[in-house]
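I opened my notebook to record what I looked up in this structure. I went through it piece by piece.

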Amino acid sequence: MGDNRLMTHVVIIGGGPGGYEAALVARRLGAEVTLVERDGMGGSTVLTDCVPSKTLIATSDLLHEVSRSAELGVEVPKAPRADLASVNDRVLRLAQVQSDDIAERVVSAGVTVLRGTARIADPRLVVASTPDGEVRLAADGILIATGAHPRVSADAQPDGERILTWEQVYALRELPEHMIVVGSGVTGAEFASAYNGLGAEVTLVSSRDRVLPGEDPDAANLIEDVFTRRGMNVLGKSRMASTRREGDQVVVTLTDGSTVTGSHCLLALGSIPNTGDLGLEEVGIDTDDGGFITVDKVSRTNIPGVYAAGDCTGVFMLASVAAQQGRIAMAHLLGDAVHPLDLRKVSSNIFTSPEIAAVGIGQRQIDEQGLLVDTAMLQITANPRAKMQGVHDGFVKLYARQGIGTLIGGVVVGPRASELIHTISVAVSASLTVDHVADAFSVYPSMSGTVSEVARRLHRQV
């Protein structure tokens with residue numbers, strides 16, 4: 001690449017994981033990069049979603065650990081409590097520090113960052129609206145990484161005080177007396193678990209027959225049992241009709257006419273892609289019925305030179321997947337080696353207490369595809385380290401192909417399952433067999449020893 005006109009100019013719309021990781025890859029591959037971000041580097045993942053929620057959950061988990069201290073022979077003279085104002089101040093402070101770190105890294109890499117919004121005028125031109133006016137950006141390649149925002153209902157409008165989205169809860173200065181969480185997917189379950197751990201009364205309104213309906217059934221049933229045991233009121237098969245404010249109370253009306261009254265309500269009704277006002281329709285970029293941008297396994301849209309990554313695609317709404325989509329897009333655009341996105345190897349975690357981690361193919365795909373699979377599962381209570389630490393809830397489950405023993409998936413439920421799943425993730429990614437995992441040494445005593453034990457049980461089946 002010689003003069004700057006011969007240098008490929010990439011324009012990225014959105015500074016979340018999909019956008020900033022793509023920017024870093026593009027710079028390493030020699031491209032000129034301009035990134036347009038509306039709110040701050042890191043996007044909603046860092047500023048209002050993943051990083052804040054997991055920081056809040058860290059405090060909740062600590063309180064839960066302390067609550068079990070008597071079992072381990074430790075007397076706590078006074079019941080600990082969370083100062084929610086301090087907790088939320090820390091949440092927002094850490095989010096901003098993370099955003100600043102990302103911004104420094106991106107700028108140091110030579111990326112031009114514009115604060116503002118953008119629309120695609122044509123497949124080779126992006127128009128950015130900034131505080132200093134309109135900027136026209138000629139582009140050899142475009143990446144859309146604009147994310148998504150919380151879905152709300154016409155009959156349940158957030159006010160930022162008592163009726164809240166998951167982006168608004170960090171303005172609370174006192175622990176809610178009674179938090180009603182509407183929605184029992186991942187976000188709803190995580191916040192219900194968090195506020196329960198912080199000491200609030202929690203009611204979880206679930207429109208399905210169980211919480212986490214899209215997850216492993218054994219894991220979901222265990223979590224619901226734990227929620228109920230810890231005093232949470234789980235309302236199954238209960239759909240919200242409306243939510244209204246009555247002074248210092250919130251009343252949630254269900255479709256059967258019954259009501260639930262609490263001090264606060266958190267709406268966890270899913271996400272809507274940030275794909276409006278981008279010029280997609282004018283340029284001819286395909287979207288589905290929900291407004292999500294249609295992409296292939298190398299992040300291409302139907303328009304040559306235009307790519308998309310992250311939650312705005314709806315492929316798998318995880319920060320890690322967004323980042324990988326962005327990296328893949330730049331590798332494909334700029335001629336580097338490309339490994340298409342393989343959702344069969346994605347690992348994920350639900351930050352309830354206990355956590356639920358999964359990787360690879362799960363029970364639903366096995367049933368739908370009619371795969372011949374051997375399964376082994378062991379409760380974590382059999383693990384000596386779990387006994388030492390007073391852990392009573394959790395399990396490890398592994399799936400292997402019949403006959404050859406290749407690991408194709410696994411589920412871990414327990415404290416810090418997000419860390420334990422990596423062993424299984426490596427095995428699934430590298431197409432290792434159960435014998436490979438069983439033969440690798442694990443520390444005694446350790447939680448990871450259960451992964452080895454389950455693999456040994458599968459050896460006897462293959």
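**Entry: strand β16**

I started with strand β16, residues 264-267. The model is predicted, so I keep that in mind throughout. Which way do the side chains of β16 point? I found His-264 and Leu-266 on one side, and Cys-265 and Leu-267 on the other. All four are buried.

Next I looked up the partners of β16. Strand β9, residues 163-165, runs parallel to β16 and is joined to it by three bridges. Ile-163 stands opposite Cys-265 there. Strand β10, residues 178-182, also runs parallel to β16, with four bridges between them.

**Entry: the parallel sheet**

I reminded myself that strands of a sheet pair through backbone hydrogen bonds, either parallel or antiparallel. Then I traced an open sheet of five strands, in the order β3-β2-β1-β7-β18, with parallel pairing.

I checked one pairing in detail. Strand β2, residues 32-37, runs parallel to β3, and four bridges join them. Glu-37 has Arg-115 of β3 as its bridge partner.

Helix α8, residues 319-333, lies across β1, β7 and β18. I read its angle to β7 as about 170°.

**Entry: the antiparallel sheet**

I then turned to another open sheet. It has five strands in the order β19-β20-β23-β22-β21, and the pairing is antiparallel. β19 (347-350) and β21 (373-379) are its edges; each has a single partner strand, so one side of each lacks a neighbour in the sheet. Neighbouring strands are turned by 10° against each other on average, direction ignored.

β19 and strand β20, residues 355-360, run antiparallel and are joined by four bridges. Asn-349 has Ala-357 in β20 as its bridge partner. Helix α6 lies across β20, β21, β22 (395-401) and β23, and runs at about 170° to β22.

**Entry: the nonpolar cores**

How many residues does the largest nonpolar core have? I found 39. Leu-56, Phe-191, Tyr-195, Leu-212 and Ile-356 have the most contacts inside it. Several elements supply at least two residues each, including α3 (50-67), α4 (84-108), β10 and α6 (217-229).

Leaving aside neighbours within four places in sequence, its contacts include Leu-212, Ala-219, Ile-223 and Val-412. A second, separate core has 26 residues, among them Val-359, Val-391, Ala-427 and Leu-458.

**Entry: helix α5**

I ended with α5. Is α5 mostly covered or mostly uncovered? It is mostly covered, with 10 of its 13 residues buried. Among them are Gly-188, Phe-191, Tyr-195 and Leu-198.

I also tested its length. At 1.5 Å a residue, the 13 residues of α5 should span 18 Å, and its end C-alpha atoms are 18 Å apart, so the two agree. After α5 comes Gly-199, whose phi is positive, near 110°.

Key. Residues are numbered from 1 along each chain as its sequence is written. This is a predicted model: local features need pLDDT of at least 70, side-chain atom pairs count only at pLDDT 80 or more; totals for chains, interfaces and linings use all residues. Side-chain values use heavy atoms; hydrogens and water are left out. Two strands pair if DSSP finds at least two bridges between them. Contact means heavy atoms within 4.5 Å. Axes are lines fitted to C-alpha atoms, for helices over the stretch in contact, and angles run from 0 to 180 degrees between N-to-C directions. Buried means under 20% relative accessible area, exposed over 50%, partly exposed in between (1.4 Å probe, protein chains only). A nonpolar core is a set of buried Ala, Val, Leu, Ile, Met, Phe, Trp, Tyr and Cys residues joined through side-chain atoms within 4.5 Å. The expected span of a helix is 1.5 Å times one less than its number of residues.
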